[in-house]
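Hi,

I am passing a structure on to you, and my notes on it follow below. Please have a look when you get the chance.

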Amino acid sequence: MKGKTCVITGATDGIGLEAAARLGALGARLVLVGRNRTKGDAALATLRTRVPGVVVDMHYADLSRQDEIRRLAPELLATAPRIDVLINNAGGFFEKREITVDGIERTFALNHLGYFLLTELLRERIVASAPARIVNVSSGAHRRATLDFADLQTARSYSGWKSYQRSKLCNILFTRELARRLAGTGVTANSLHPGLVASSFGDNNRGPMGLAFRVAKRFIGLSVEAGAETPVYLASSSEVEGITGLYFGKCKADLPSVAAQDDEVASRLWRESAALTGLQS
Ligand SMILES: NC(=O)c1ccc[n+]([C@@H]2O[C@H](COP(=O)([O-])OP(=O)(O)OC[C@H]3O[C@@H](n4cnc5c(N)ncnc54)[C@H](OP(=O)(O)O)[C@@H]3O)[C@@H](O)[C@H]2O)c1
């Protein structure tokens, strides 16, 4: 990864921080995105200790807000003359329905529109850096989800888990459509399930689902080291050079759900996402 620049979101904790350390150790220059300066400083200190001499910058944005993504993107472009890898990883689970400043349900805004808008704003630079890779962290939680275009933001009967499952289905559909649109550019796009990982994921929830997460992570959660395996593999391995549009688990291509393979739905989701973020579809 020497000479390559990796942009990683959600790099102040969990899978993103571990992936940053691993890619830094492979020689990559790191351009990281966090949202909390105290955690960002701690993450930078960890990275500098783990990878002496690592070249790393931290930028800050709340990726559930479109104004912050629009402020962040030019900052990243100014810092990174090339972007060889973009890992969209920042994500969350919200037991209670919340609405962002953009009037959008928070899970959908952060987990899907955050990936969509940031990627689109960086796309030209990534294409100019080809061969390059876009890696979208999804989840096996997508498997029971379907999209309802009449209620994309789960307004009718909100369940945090249902909204999370849908957002992770969106990650895979977005990746498929992105790969199709990037065909011939030398930029690949793949999504992945990292496994159930004992990170800080879900700790912001105090209700029954928050408790369920804590118990599941404690008893059957993988280490963050194991959780970072597949994103690091997709970002750096020569085995996946030129491979695009696929979904991976345990560093192997895997079939996502039938709903996640529907190219018409993927194309419609793209158009809806463009409308919701004020981009041209
Ligand atoms: N953990 C699992 O079992 C699991 C399973 C399947 C998929 N995933 C996916 O893996 C990805 C990473 O999760 P993780 O397990 O590493 O969770 P984590 O330890 O909670 O880390 C999440 C990262 O995202 C950042 N983030 C959260 N909300 C943000 C916002 N509004 N704006 C900017 N950054 C924000 C967090 O920042 P702070 O440090 O400020 O909180 C943190 O750096 C997510 O996309 C998740 O859906 C996780």
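A polar contact here is a pair of N or O atoms within 3.5 Å; within protein, one must be able to donate a hydrogen and the other to accept it, and residues adjacent in sequence count only if both atoms are side-chain atoms. In that sense, a polar side-chain atom of Lys168 sits 3.0 Å from an oxygen atom of the ligand. Asp62 places a polar side-chain atom 2.9 Å from a nitrogen atom of the ligand, and a polar backbone atom of Val197 is 2.7 Å from a ligand oxygen atom. The protein buries 93% of the 890 Å² that the ligand exposes when taken alone (accessible areas by the Shrake-Rupley method with a 1.4 Å probe; for residues, only the protein chains shown count as cover).

Some background: this is a predicted model, where local features need pLDDT of at least 70 and side-chain atom pairs count only at pLDDT 80 or more, while totals for chains, interfaces and linings use all residues. Residues are numbered from 1 along each chain as its sequence is written, and side-chain values use heavy atoms, leaving out hydrogens and water.

Now for the backbone. Ala130 and Pro131 are joined by a cis peptide bond, with omega about 0 degrees. Pro131 belongs to the loop between helix H4 (106–128) and strand E5 (132–137); helices (H or I, at least four residues) and strands (E, at least two) are DSSP runs, numbered from the N terminus. Lys250 is not a glycine, yet has a positive phi of about 50 degrees. Its loop runs between strand E7 (247–249) and strand E8 (252–254). Most residues other than glycine have a negative phi, and most peptide bonds are trans.

Best wishes
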